[in-house]
Amino acid sequence: MRIVVALGGNALLRRGDRPDADVQRANVVRVATAVAALAHDHDLVITHGNTPQLGLLAHESVADRSLVAPYPLDLLGAQTQGLIGTLLVRGLRDALPGRRVVALLTHTQVRGDDPAFERPTEPVGPAYPDKVADFLAAEHGWVMARTRGGRRRMVPAPQPERVLECDSVRVLLETGSVVVCAGGGGVPVVREGVTGALRGVEAVVDKDLAAARLAEDVKADFLLVLTDVPNVYAGHGTPDRRPVLDVTPAELRAAAYDPATMGPKAEAAARFVEHTGQLAAIGALDAAYEIVHGRSGTLVRPDLPGA
């Protein structure tokens, strides 16, 4: 079976962790152990989040007085793919002796006229005090919004149209390689209308939606979305909270999950199942093997005929 695994953004930096390299090196052992169990029996593509790492690099870039301007988000996103990719490759090689493991820098094409460019909604970097936020907004043209602890930079999150290296991913899978790619949703790019040249954009792509797009394009049999909860919950945050163990795409969407947490994961699973007729699941990282074998997590399946 061909499985695309979407690791949660906190896989290497969990809530409360310091963003130190040693912390991420230690956490990757847990990630590699959980995922490697699947690689013995299945073709595996691993995607990952990058929110903590991207925020750290963005903050360092804006604070670097040797730069005329901060590095753009597309280049910072590429840096995080290298940083997280090398950690995952090392961990997976240790967990899978003799197996080919490859980290592939990937670009995700988005539409230049995506409405998201007019409505930046995704926070990047730390929360700043008002005076600093006002300065950064005036200096760099950033959109700043109030969040807990201060004001944060908000950037567009356009829809993924295509992961440009999906053909290369398929070739690597056919050689038996475990492929790490589409980190942070991929480097967001648009094609220039006249020349067709690629241009990076100041945006981020949701990692789960990019994973669903990639899974469809590489003809995966299963999309596994891993996070820090054991399954999807109905009535989350209320006394009536209950686990959802089996669900259809329509039922997932009807529940209207939080757009900042479970919403993109639910939408990614729903899209993949709708577009392919295959299965998806959402669950905890440490239960990855059990989820694929139907013993944990939330299974997302196609609607039954005539239902």
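1. In which strand does Thr108 lie? Thr108 belongs to strand S4, which covers residues 107-109, where a strand is a DSSP run of E with at least two residues and a helix a run of H or I with at least four, both numbered from the N terminus.

2. This is a predicted model, in which local features need pLDDT of at least 70 and side-chain atom pairs count only at pLDDT 80 or more, while totals for chains, interfaces and linings use all residues. Residues are numbered from 1 along each chain as its sequence is written, and side-chain values use heavy atoms, leaving out hydrogens and water.

3. Thr108 has 0% relative accessibility and therefore counts as buried, a word that here means under 20% relative accessible area, with a 1.4 Å probe and protein chains only. Leaving aside residues up to four places away in sequence, Thr108 touches several residues, among them Pro160, Gly185 and Val205, where contact means heavy atoms within 4.5 Å. A polar atom of the Thr108 side chain lies 2.6 Å from the backbone oxygen of Gly185.

4. The largest nonpolar core has 35 residues, of which Val4, Leu214, Leu223 and Phe272 touch the most other members; such a core is a set of buried Ala, Val, Leu, Ile, Met, Phe, Trp, Tyr and Cys residues joined through side-chain atoms within 4.5 Å. Helix H8 gives the most to this core, with six residues. A second, separate core of 33 residues includes Ile46 and Leu224.

5. Turning to the whole protein chain, there are nine helices and 17 strands, and buried residues make up 47% of the 307 residues.

Technical notes: Buried means under 20% relative accessible area, exposed over 50%, partly exposed in between (1.4 Å probe, protein chains only). A polar contact is a pair of N or O atoms within 3.5 Å; within protein, one must be able to donate a hydrogen and the other to accept it, and residues adjacent in sequence count only if both atoms are side-chain atoms.
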